[in-house]
Amino acid sequence: MTAGLVLDARPPTVIVLAAGEGKRMRSSLPKVLHSLLGRTMLGHVLAVVDQALPGARTVVVVGKGADQVSDHVAAVAPAASTVLQAEQLGTGHAVRIALAELPEVAGNVIVLNGDIPLLREATLRSLVAEHDRAGRAGTLLTAEVPDPRGLGRVLRAEDGRVTGIVEERDATPEQRDIREINAGAYVFDAQALRGTLSRISTDNDQGEEYLTDVFSQLIAEGRPVAAHQAGDLTETLGANDRAELAGLRALLRDRVNQAWMCSGVSIIDPATTWIDVTVGLEPDVLVEPNTHLRGTTTVAEGAVVGPDTTVLDGRIGAGAVVVRAHIVNAVVGQRAQVGPFAYLRPGTRLAARAKIGTFVEAKGAEVGEGAKVPHLTYVGDATIGEGTNIGAATVFVNYDGVHKHRTTVGAHARTGADNMFVAPVSIGDGAYTAAGSVITDDVPPGAMAVARGRQRNVEGWVERRRAGTASAEAAKRALTAGDGGGSEARGAGPGVEGASGSGDDGCGPAEVRTEGGPQ
Ligand code: UD1
Ligand code: CA
């Protein structure tokens, strides 16, 4: 006992079982690599191990899809190692193989199924603490569930002592009525586990070595074992198929949303808000319905995100407003505005109070403080200076078919509607460009660039070439009615035509009207 306590003070060993194929998933991906809210099932288990048992020596048993699972372990838990179980001969066999690679291990060995992603840190801690306190050879986590189908049932004697675990397929009809199930999380004394595993049989419906049989063995040898009931049965749920996984995902969503609301985040519709466990939110963030915050996304104080928005690996600044947007690996500055209907792709960075408006796509775009790209625009690989306004329906033409090039627009520029900026090109500080321009050459600071065909009106064309049509009749009425008044005068006036003058001086005040277009 005393020796046991000394050993137990050392970091424990954790064995995570992840060698099974998970046939019922009907997937080319190993079951434990299916995800819920930003982590794989296995990733959740490894994360809870890291939180509850920091410094533990963790070994993951891999088998089906071993390379894929091993790569994943290396990525999410680099301190963990893997052991190959080439043939999946049962959970007991998996643990036996792992222990064979750990001959020196003593003290606590914690065994976790790789498919119980909702297990909480506090529960794992108390499972281990209770095991230690009682000085047991084995402790298992159990729960009373409404629907125990498919799970191992916990057998107890009249006086309540645990006498064993029976798998559903090996259970009698009476045993199947038991609603206390084995969760697949255990603590063992290493020596007791090692000795017992070498003696368990394969005399069961599946002909496998069941880890669960260790308990009846230990009991037969008079070693102390017991069950630890989880307070929240959802923590013990496993997922064997995609429908069960969806159920667990919804439970985790509710748990995550609840925690954020308790820490000061407003979530208007928790049922349609999906926040990965890896996301960070500050108080007074407001999340509108149907919003997905994923990966390493962070949202700062007072920002409003949604409705109908996805942010993956994005950073949303304080007080920003993001409406009906899809954002991937982009930064939205403080009090910036995005959407409705905007797509921010990787490398996009909006400075404070910048705006990306409706039907705008941006990629690799640096948008300066207070700069605006309000409507119908593609900003590919561009730097836009502070206070600049980009006209509606602009394309930053970044691709020559082989290479990508950048466009630079200076500060406080005003570019006209329906421009093409054919990169590489730069527009100077304070410059203007005329509506409908295709800008292929640099524009000096303060210049007005006009790059479009001059307008030509062919008078009377419709009456001559479309005689008898409604258009021809309408034109005739207009031309005869007011003695050729209003519309003719409009056609002859400066307006757009004026702006396409020679460029050095010609454009009067009218040209200024042409640059902006819709604001
Ligand atoms: C297991 C338990 C059952 C319990 C349930 C909880 C046994 C015999 N049964 O059943 O009592 O109620 O979990 O969810 O343990 N694995 C390996 N190698 C193998 C077989 C399985 O690594 O040879 C891994 C799987 O990848 C999985 C875990 O062990 O992560 C559990 O295996 P699974 O087949 O899902 O066991 P269940 O039938 O769910
Ligand atoms: Ca299972």
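Hi everyone, this is a short tour of the ligand site in this structure, with a stop at one residue elsewhere in the sequence. Please keep in mind that we are looking at a predicted model.

Let's start with ligand 1. How many residues surround ligand 1? There are 22 of them, and the closest include Leu 17, Gln 85 and Thr 91, along with Glu 167 and Asn 182. If you sort that shell by class, you get 11 polar residues, eight nonpolar ones and three charged ones. Several elements contribute: strand β1 (13–18), helix α4 (91–100) and strand β10 (180–189) each provide at least two residues of the shell.

Now for the polar contacts. Which atom of ligand 1 does Gln 85 approach? It is a nitrogen atom, with a polar side-chain atom of Gln 85 at 2.7 Å. Thr 91 has a side-chain N or O atom 2.7 Å from an oxygen atom of the ligand. For Glu 167, too, a side-chain N or O atom lies 2.7 Å from an oxygen atom of ligand 1. On its own, ligand 1 has 760 Å² of accessible area, and the protein covers 89% of that. The space that ligand 1 takes up is the largest pocket.

You will find Ile 427 in strand β32, which spans residues 425–427. Is Ile 427 buried or exposed? Its relative accessibility is 2%, so Ile 427 counts as buried, the cut-off being under 20%. Ala 449 is 22 residues away from Ile 427 along the chain, and their C-alpha atoms are 9.1 Å apart.

How values were computed. Residues are numbered from 1 along each chain as its sequence is written. Chains are lettered from A and ligands numbered from 1 in the order in which they are written. This is a predicted model: local features need pLDDT of at least 70, side-chain atom pairs count only at pLDDT 80 or more; totals for chains, interfaces and linings use all residues. Side-chain values use heavy atoms; hydrogens and water are left out. A residue is near a molecule or strand if one of its heavy atoms lies within 4 Å of it. A polar contact is a pair of N or O atoms within 3.5 Å; within protein, one must be able to donate a hydrogen and the other to accept it, and residues adjacent in sequence count only if both atoms are side-chain atoms. Accessible areas come from the Shrake-Rupley method with a 1.4 Å probe; for residues, only the protein chains shown count as cover. On a 1 Å grid over the protein atoms alone, a cavity is a set of points where a 1.4 Å probe fits but cannot get out, and a pocket is an open set with protein on both sides within 12 Å along at least five of seven lines; lining residues have an atom within 4 Å of a point. A molecule sits in a cavity or pocket if more than half of its atoms lie within 2 Å of its grid points. Helices (H or I, at least four residues) and strands (E, at least two) are DSSP runs, numbered from the N terminus. Ala, Val, Leu, Ile, Met, Phe, Trp, Tyr, Cys and Pro count as nonpolar, Asp, Glu, Lys and Arg as charged, and the others, Gly among them, as polar. Buried means under 20% relative accessible area, exposed over 50%, partly exposed in between (1.4 Å probe, protein chains only).
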